Amino acid sequence: MPNLLSRSVFNLLFGSRRKGLESLPGPQPGILGTVGDFIGASPWDVCARYGREYGGITLIWMGPSPALVLNDPALIEQVLDSRRMEFEKGAISDQIRPSVPHDTLFIAKLNEDWAEKRRADPFEQPWYEDWLAAQVGPMQVSIAEAVESLIGQASIDLTPALRRMTADAFTVAAVGEKLPEPVFVDFMLLAQAADARIQAKLPLKFVSPPKGFEAARARFYGYFAERARAARQARNPSAVDLLSRMLREMPQLDDLALAHILGALYFGGVFSTSTTLVGAFHQLQKHAAAEERLAAEAATLAEARLTLERLRGAHWIEAIAYESMRLLPAVRIFTRTPVADAKLAGVTLPAGSLIMISNQHLHRDPSYWRDADTFDPSRWLDGGVARDPLGSGHFFPFGRGPRACVGGAFAVAVLQTALATIAARVKVHVDSTEPFEEGFFFGVVLPKGVTGKLVPRVASRPTSLVESA
Ligand code: HEM
């Protein structure tokens, strides 16, 4: 808490701004407002603490500007869903703009062309489910090959290893091949550039791109444009990857538009999906019975060709994916900004103010969840998934409302395929079950220092892999 002098100076200079906001609880601001709370702490931990200490809405001060932290499902529903047109995404759009394509859905404005872009997104098309079903086999092969290459390594840093595995599975689904290493390196440079802007302490005009940024950007999107050009020339009517499908179903898109759509997949999904997997294996190391049940279900799945239908019938794997996203959601902070002065919870919030929404507190709210802090996939069985569906009040790892994650179903399919494939072949032995340090990268939680090894369960590869290869 700021000292008396600091609080008095704030009141002297900015006290008038508190008028009309007195009804809202929150920490006492000092001369810098309440930003000190966020120094040296993860923003989601601070937001969760506010939820515990102040309830569903907390008034904080970013210097002299009021801001809100929401932990109340009804208020979150208003901001993300029923009254969403009054609130645009926060600064993230400007922060990541140089790295992501200018026309990507992620940074479109609700009050401009967001709806049109969302409607035109390949993941919103009627053939999407059919495409998704066709990806399970190829992704399984890609993941299985990654597993084989990691077996025997003494100490694997799981975050980068599973990130690379995820990037390859995505690329197989996107263009039908694994991501060449130099293109992955370019992708990481673009992501680092965006992350430096997200985490910048200075105004963005003072944040320079890293060396080689422009060239990496040209090569990264150029790779997809080249794949598009090649696929257009040598049409393969039986190819099932997203690019081939888009060429057939969305003939109006030129190579650059296709390259932007394909390239954007990585920023939305690679870090979040691989972070979720790391969290899952870290928890499974602590919960041996859950891990054994996963191994048994994965072994059963490996007896025949893996399909989306069979994956969706694998309820324990689904429960593990959901429970990992409940306890350790990869994206824990979303921001919004009122486009005009907005009335919320009985007060008027000035246009341009920051609203922070975190799922961490609600995902672990002890008044709602039984044994809230315990990894217990069984809570999702026997109607659990229907009771707390994705995007509901206490479970929204992909956000809520019409602007929730467009890649959610794909991410779940990748998670399930990865869990089934990895667990059928190996036990992921994680070195330490102590809580890991949570960094922050590209808006996503970054598990740090989670090391382990892959211990083979059987000597031979499952027959279903050979069949689907
Ligand atoms: C476990 C994995 C993932 C998590 C936890 C996640 C989380 C989220 C969240 C919370 C949002 C909403 C943010 C907000 O409301 O401000 C979002 C939006 C979005 N996500 Fe994901 N995501 C994941 C995977 C993916 C994948 C695989 C893709 C693409 C292939 C993707 C693409 C997007 C896009 C394009 C949006 C913006 C949608 C729009 O503005 O209409 N995400 N994601």
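Modeller: What follows is a set of questions and answers on a predicted model.

Biologist: How many helices and strands does the protein have, and what is its radius of gyration?

Modeller: The protein has 18 helices and 12 strands. The globule rule gives 23 Å for 469 residues and the protein comes close to that value, so it is as compact as a globular protein of that length. Along its principal axes the C-alpha trace spans about 75 × 50 × 40 Å. The counts are thus 18 helices and 12 strands, and the radius of gyration is 23 Å.

Biologist: Why do the buried residues of α3 line one face of the helix, and against which strands do they pack?

Modeller: In helix α3, which covers residues 73-82, Ile76, Val79 and Leu80 are buried. Seen down the axis of α3, these buried residues fall within an arc of 85 degrees, so they line one face of the helix, while Ala74 and Ser82 are exposed on the other side. The buried residues of α3 pack against β2 (65-70), β3 (87-89), β5 (333-338) and β8 (354-358).

Biologist: Of the residues around the ligand, which come nearest, and which helix supplies the largest share of the shell?

Modeller: The residues of the shell divide into 13 nonpolar, 7 polar and 3 charged. Of the 23 residues around the ligand, those that come nearest are Gly268, Gly269, Gly399, Cys405 and Gly407. Both α11 and α17 (408-425) supply at least two residues of the shell, but the largest share, 6 residues, comes from α11.

Biologist: Is Asp371 buried or exposed, and what is its phi?

Modeller: Most residues other than glycine have a negative phi, and most peptide bonds are trans. Asp371, whose place is in the loop between α15 (360-363) and α16 (384-387), has a positive phi although it is a residue other than glycine. With 9 other C-beta atoms within 10 Å, Asp371 is exposed, and its phi is near 40 degrees.

Biologist: Is Phe442 buried or exposed, and what is its phi?

Modeller: Phe442 lies in the loop between β10 and β11. It has 22 C-beta neighbours inside 10 Å, so Phe442 counts as buried. Although it is not a glycine, Phe442 has a positive phi, of about 55 degrees.

Biologist: Which residues does Gly443 touch, leaving aside those up to four places away in sequence?

Modeller: Gly443 is in the loop between β10 (437-441) and β11 (444-448), and it counts as buried because it has 21 C-beta neighbours inside 10 Å. Gly443 and Ile96 are 347 residues apart in sequence, yet 9.9 Å apart in space, C-alpha to C-alpha. Not counting residues up to four places away in sequence, Gly443 touches Ile92, Ile198 and Val331.

Conventions:
Residues are numbered from 1 along each chain as its sequence is written. This is a predicted model: local features need pLDDT of at least 70, side-chain atom pairs count only at pLDDT 80 or more; totals for chains, interfaces and linings use all residues. A residue is buried if 20 or more other C-beta atoms lie within 10 Å of its own, exposed if 12 or fewer, and partly exposed in between; C-beta atoms are placed from the backbone. Helices (H or I, at least four residues) and strands (E, at least two) are DSSP runs, numbered from the N terminus. The arc is that of the directions from the helix axis to the C-beta atoms. Two residues are in contact if their C-beta atoms, placed from the backbone, lie within 7 Å. The radius of gyration is taken over C-alpha atoms; the globule rule is 2.2 Å times the number of residues to the power 0.38. A residue is near a molecule or strand if its C-beta atom, placed from the backbone, lies within 6 Å of it. Ala, Val, Leu, Ile, Met, Phe, Trp, Tyr, Cys and Pro count as nonpolar, Asp, Glu, Lys and Arg as charged, and the others, Gly among them, as polar.
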